[in-house]
Amino acid sequence: MSALAESFMLLCFGVSWPVSVYKSYKSHTAAGKSLVFMVVIVIGYLFGIAGKLASGNVTYVLALYGVNIAMVSTDILLYFRNRRYDLRQEPLGA
(Lines give C-alpha, C1' and ligand atoms only; values in the text may rest on other atoms or scores of the structure.)
Protein backbone atom coordinates (compact mmCIF):
# COMPACT_ATOMS: atom_id res chain seq x y z
CA MET A 1 0.00 0.00 0.00
CA SER A 2 2.85 2.44 0.76
CA ALA A 3 4.34 1.90 -2.71
CA LEU A 4 0.98 2.74 -4.25
CA ALA A 5 0.67 5.92 -2.18
CA GLU A 6 4.23 6.92 -3.09
CA SER A 7 3.44 6.24 -6.75
CA PHE A 8 0.44 8.56 -6.64
CA MET A 9 2.51 11.22 -4.90
CA LEU A 10 5.15 11.03 -7.63
CA LEU A 11 2.52 11.03 -10.36
CA CYS A 12 0.87 14.11 -8.89
CA PHE A 13 4.19 15.92 -8.63
CA GLY A 14 5.23 14.69 -12.06
CA VAL A 15 2.13 15.76 -13.97
CA SER A 16 3.24 19.37 -14.11
CA TRP A 17 6.75 18.77 -15.44
CA PRO A 18 5.88 17.90 -19.06
CA VAL A 19 3.80 21.09 -19.21
CA SER A 20 6.66 23.10 -17.72
CA VAL A 21 9.16 21.59 -20.18
CA TYR A 22 6.86 22.38 -23.11
CA LYS A 23 6.40 25.98 -21.97
CA SER A 24 10.15 26.39 -21.45
CA TYR A 25 10.83 25.00 -24.91
CA LYS A 26 8.30 27.25 -26.63
CA SER A 27 8.85 30.47 -24.66
CA HIS A 28 12.59 30.93 -25.31
CA THR A 29 12.88 32.82 -22.02
CA ALA A 30 13.98 31.88 -18.51
CA ALA A 31 11.71 34.52 -17.02
CA GLY A 32 9.58 33.10 -14.25
CA LYS A 33 11.81 30.07 -13.74
CA SER A 34 13.80 29.40 -10.60
CA LEU A 35 16.95 27.37 -11.08
CA VAL A 36 17.33 26.94 -7.32
CA PHE A 37 13.79 25.55 -7.05
CA MET A 38 14.38 23.01 -9.83
CA VAL A 39 17.71 21.90 -8.35
CA VAL A 40 16.11 21.46 -4.92
CA ILE A 41 13.39 19.30 -6.53
CA VAL A 42 16.03 17.07 -8.15
CA ILE A 43 17.88 16.79 -4.82
CA GLY A 44 14.61 15.79 -3.15
CA TYR A 45 14.03 13.09 -5.74
CA LEU A 46 17.60 11.84 -5.26
CA PHE A 47 17.00 11.56 -1.52
CA GLY A 48 13.83 9.63 -2.27
CA ILE A 49 15.83 7.21 -4.40
CA ALA A 50 18.49 6.95 -1.69
CA GLY A 51 15.80 6.13 0.84
CA LYS A 52 14.42 3.38 -1.37
CA LEU A 53 17.88 1.90 -1.88
CA ALA A 54 18.87 2.20 1.78
CA SER A 55 15.71 0.45 2.92
CA GLY A 56 16.09 -2.29 0.33
CA ASN A 57 12.57 -1.47 -0.84
CA VAL A 58 13.36 -1.21 -4.53
CA THR A 59 10.10 -1.35 -6.49
CA TYR A 60 8.61 0.05 -9.68
CA VAL A 61 8.34 3.37 -7.83
CA LEU A 62 12.04 3.88 -8.51
CA ALA A 63 11.19 4.27 -12.21
CA LEU A 64 8.80 7.11 -11.38
CA TYR A 65 11.59 8.91 -9.55
CA GLY A 66 13.73 8.46 -12.66
CA VAL A 67 11.06 9.87 -14.97
CA ASN A 68 10.55 12.88 -12.71
CA ILE A 69 14.28 13.54 -12.47
CA ALA A 70 14.56 13.33 -16.26
CA MET A 71 11.75 15.85 -16.70
CA VAL A 72 13.12 18.34 -14.17
CA SER A 73 16.63 17.92 -15.61
CA THR A 74 15.26 18.67 -19.08
CA ASP A 75 13.65 21.82 -17.70
CA ILE A 76 16.98 22.79 -16.11
CA LEU A 77 18.77 22.36 -19.44
CA LEU A 78 16.09 24.47 -21.13
CA TYR A 79 16.56 27.09 -18.41
CA PHE A 80 20.20 27.50 -19.44
CA ARG A 81 19.31 27.56 -23.13
CA ASN A 82 16.63 30.16 -22.50
CA ARG A 83 18.93 32.20 -20.26
CA ARG A 84 21.31 32.48 -23.22
CA TYR A 85 18.41 33.75 -25.35
CA ASP A 86 17.54 36.26 -22.63
CA LEU A 87 21.12 37.54 -22.45
CA ARG A 88 21.20 38.05 -26.22
CA GLN A 89 18.03 40.15 -25.99
CA GLU A 90 19.36 42.49 -23.28
CA PRO A 91 20.69 45.77 -24.60
CA LEU A 92 24.37 46.48 -23.93
CA GLY A 93 24.99 48.37 -20.71
CA ALA A 94 21.74 47.24 -19.11
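Predicted model: local features only at pLDDT ≥ 70, side-chain atom pairs only at ≥ 80, totals over all residues.
Leaving aside neighbours within four places in sequence, Val58 is in contact with Lys52 and Leu53, where contact means heavy atoms within 4.5 Å. Residues are numbered from 1 along each chain as its sequence is written, and side-chain values use heavy atoms, with hydrogens and water left out.

Val58 sits in the loop between helix 2 and helix 3, the latter spanning residues 61-89. Its relative accessibility of 49% is why Val58 counts as partly exposed; on this scale, buried means under 20% relative accessible area, exposed over 50%, and partly exposed in between, with a 1.4 Å probe and protein chains only.

The protein chain has 3 helices and 0 strands, and its elements run α-α-α from the N terminus on. Helices (H or I, at least four residues) and strands (E, at least two) are DSSP runs, numbered from the N terminus. The C-alpha atoms fill a box of roughly 55 × 20 × 15 Å along the principal axes. The radius of gyration of the protein chain is 16 Å, whereas a compact globule of 94 residues would have a value near 12 Å; this radius is taken over C-alpha atoms, and the globule rule is 2.2 Å times the number of residues to the power 0.38. Of the contacts between residues at least 6 apart in sequence, 78% join residues at least 24 apart.

Confidence comes as pLDDT, the predictor's own score for each residue from 0 to 100. The mean for the protein chain is 92, and 97% of its residues reach 70 or more. Helix 1 has the lowest confidence, at a mean of 90, and helix 2 the highest, at 96.

Not counting residues up to four places away in sequence, Glu6 touches Lys52, Val61 and Tyr65.

The loop between helix 1 and helix 2 contains His28. This residue is partly exposed, at 38% relative accessibility. The phi of His28 is near 60°, a positive value in a residue other than glycine. Most residues other than glycine have a negative phi.

Helix 2, residues 35-55, includes Leu35. With a relative accessible area of 24%, Leu35 is partly exposed. Beyond its neighbours within four places in sequence, Leu35 is in contact with Ile76, Tyr79 and Phe80. Leu35 and Met9 are 26 residues apart in sequence, and their C-alpha atoms are 23 Å apart in space.

Buried residues make up 31% of the 94 residues. The accessible surface comes to about 6200 Å², of which 72% belongs to carbon and sulfur atoms; accessible areas come from the Shrake-Rupley method with a 1.4 Å probe, and for residues only the protein chains shown count as cover. The mean positions of the 8 positive and 4 negative charges are 6 Å apart. Lys and Arg count as positive and Asp and Glu as negative, while His and the chain ends are not counted. Each charge is placed at NZ of Lys, CZ of Arg, CG of Asp or CD of Glu.
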